[in-house]
Each structure stands twice: as C-alpha cells, then as structure tokens.
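Student: I would like to learn how to read a fold model. Where do we begin?

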Amino acid sequence: MEYTINIKGRLMDLSTPQVMGILNVTPDSFYSGSRKQTEMEIAQRANQIIEEGGSIIDVGAFSTRPGADEVSEEEEGRRLKFALDIVRREQPDAAVSVDTYRPTLARKCIEEWGADIINDVSEGGITGIANVPLEQRQEEYPEMFRVVGELKVPYILMSVQPTLETMMKGFAREVQQLRNLGAKDIILDPGFGFGKNLIQNYQIYNEMEKLNVMELPVLVGISRKSMIYKLLGGDPTTSLNGTSVLDTIALMKGASILRVHDVKEAAEAVKIIEAMKEGRT
C-alpha cells in the first residue's frame, strides 16, 4: 500500500512493509521470551529489534492474555516510564509505540515519555484484559479517540469483533469517529485472538485482504499466539514456524506492519515477498 505515517514530523513509508518488535515489561506475558524487566534486558531488546531489521519498538506493560493478573494504572505507568526512558536512550531515532488501552497513560507516554504511536487493544474501549468490558460506550466518542484526535499521532485501532463483516462495519464507524475528532494516521489491526475463537481467527485470516478496501494500512499481530499451537500442537515456544507462515500470508494479503517477537525472521519474510513482487532473485 502506498501510505506514509507521520512520526512526530518524520514520514515512515509503508509501501514496503515494516516490522514492529515486541518489548514487554511484564512478568506474565504469554510468551516468556518477550518478558524484559531489568534495565539491561530492556536495553538489549530495544537494540536487538533494530539490529534485526525492525523499525518500530512496541512497548507494553500490561499482559492481555486470558487469565493474566490485573495491573493498576499506577503500576502500568511506572513500568512504561521506566522502559520508555531506556528505549529512547538506546534508540533515539526509532519509532516507538505504546501498547495500552488507558487514555491517560497513552497521553503521558506521547507527551512526556517519548512514545510516537498509540497501540490500543481495546478498540477505543470495548474490551481490555481477557475481553472484560471497560465501559458501556454511552458517549458518542470513546475517551481514547479524543486523546488520539488531540495528539494527532498514529493510532492502531484493533478490532475485537468475531467476523470480518462485523469488524468492517465497526472499523467504518470508528474511523469516521476518529476523523471527526481530528485523527490523522489510523492503522487497522484485525485483532487475532481477541474476541474470536480458533475457527473465526482463520476465517478472518482467509479473507483479510478485504480490509484493503478501507485504504488504510493493516497491522497483523499473530506472533506465537494460541491460534497457531491450538491448531498444530505445542505451545508459544514451538510456534515460530507457524508464525512465519502466517506472517508471509499476511504480507501477500497486503499487510503493512507485522508485530512480532522474532524480528529477524519477519524481516526476512518481508525481504522475500518484496523480491517476489519485484521479480528479483
């Protein structure tokens, strides 16, 4: 897709797909290999993401896996500030996204702690940890949308809908709400694993290219998720091959960003697909 996003005055070209590396400053994220809590671990992971071909570092401090412990807003904020300070010190030129559904923390991360992009797993407030509703959405616009509209930073809008039809209807409504509030760069995330069972995840994957009709970049995050090992057996530690297969399919269906634990492998998939498209060897 011919599309650029504005990262605080710098344009990121998404005509070549980008790789977003996951940096979780949590003790309980579903894939143990992604958990980084000490200053050294966070610094090493931030550098590894860039060295292996990533262009975006996604920092999260609240596990959204089913059964994860609740984390207070104060604790999530403490973790995010600690990590973002280190990431910015180590990689001052990298694009940094913050994985949070809390509007107040999203604002602080952008305005005070150095983040560039808001990555919201709640579809503006529909759901949070383990699909627990956060609000009744009685107001016309969710608070997170208001924050995005004011800050005018790139925003990843993730769907928790179980079918492609309901997803696209929701996206159409929410994108218009965001535009009404002044939002500029909106990235769509189908939300694999959120509000969907195994069959629904693969049904949406099969038709994912239909999202391109919305003329917005699509982010795919399926790295080592249960939709892989529930189908193939094993667990997150054995799911790298399945991840690479699904990442490659996502690129062929038009994905602009891959959110992954394994940056090197995803970057290689991008390189292969781009070479195929251009007829190079």
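Student: What is the mean pLDDT of the protein?

Tutor: This is a predicted model. Its mean pLDDT is 89. Of its residues, 88% reach 70 or more.

Student: Where does pLDDT stay under 50?

Tutor: The general idea comes before the case. Where pLDDT is low, predicted coordinates should not be read in detail. Here, residues 127–138 stay under 50. The model still has 37 contacts for that stretch beyond four places in sequence.

Student: Over how many bridges do β4 and β5 pair?

Tutor: Strand β4 (residues 56–60) pairs with strand β5 (residues 95–99) over 5 bridges, in the parallel sense. As a landmark, find Val59: Val98 in β5 stands opposite.

Student: On to helices. At roughly what angle do the axes of α1 and α2 cross?

Tutor: Two packed helices are described by the angle between their axes and the distance between the axes. For α1 (residues 39–51) and α2 (residues 73–90), the axes cross at roughly 50° and come within 9 Å. That angle makes α1 oblique to α2. The crossing is right-handed.

Student: Which residues of α1 and α2 meet?

Tutor: From α1, take Glu39, Ile42, Ala43, Ala46 and Asn47. They meet Phe82, Ala83, Ile86, Val87, Arg89 and Glu90 in α2. By class, the contact has 7 nonpolar, 1 polar and 3 charged residues.

Student: Why are α3 and α4 described as roughly parallel?

Tutor: The axes of α3 (residues 103–111) and α4 (residues 143–151) cross at roughly 20°. Angles under 35 degrees count as roughly parallel, so α3 and α4 are roughly parallel to each other. Their axes come within 9 Å, and α3 passes α4 in a right-handed crossing.

Student: Which residues make the contact?

Tutor: α3 supplies Pro103, Ala106, Arg107, Ile110 and Glu111. α4 supplies Glu143, Met144, Val147, Glu150 and Leu151. This contact divides into 6 nonpolar, no polar and 4 charged residues.

Key. Residues numbered from 1 in each chain as written. Predicted model: local features only at pLDDT ≥ 70, side-chain atom pairs only at ≥ 80, totals over all residues. Heavy atoms only, no water. Axes fitted to C-alpha atoms, helices over the stretch in contact; angles between N-to-C directions. Helix = DSSP H or I, 4+ residues; strand = E, 2+ residues; numbered from the N terminus. Parallel < 35°, antiparallel > 145°, perpendicular 65-115°, else oblique. Left-handed = near helix turned anticlockwise from the far one by under 90°. Contact = heavy atoms within 4.5 Å. Nonpolar A, V, L, I, M, F, W, Y, C, P; charged D, E, K, R; others polar. pLDDT = per-residue confidence, 0-100. Pairing = 2+ DSSP bridges.
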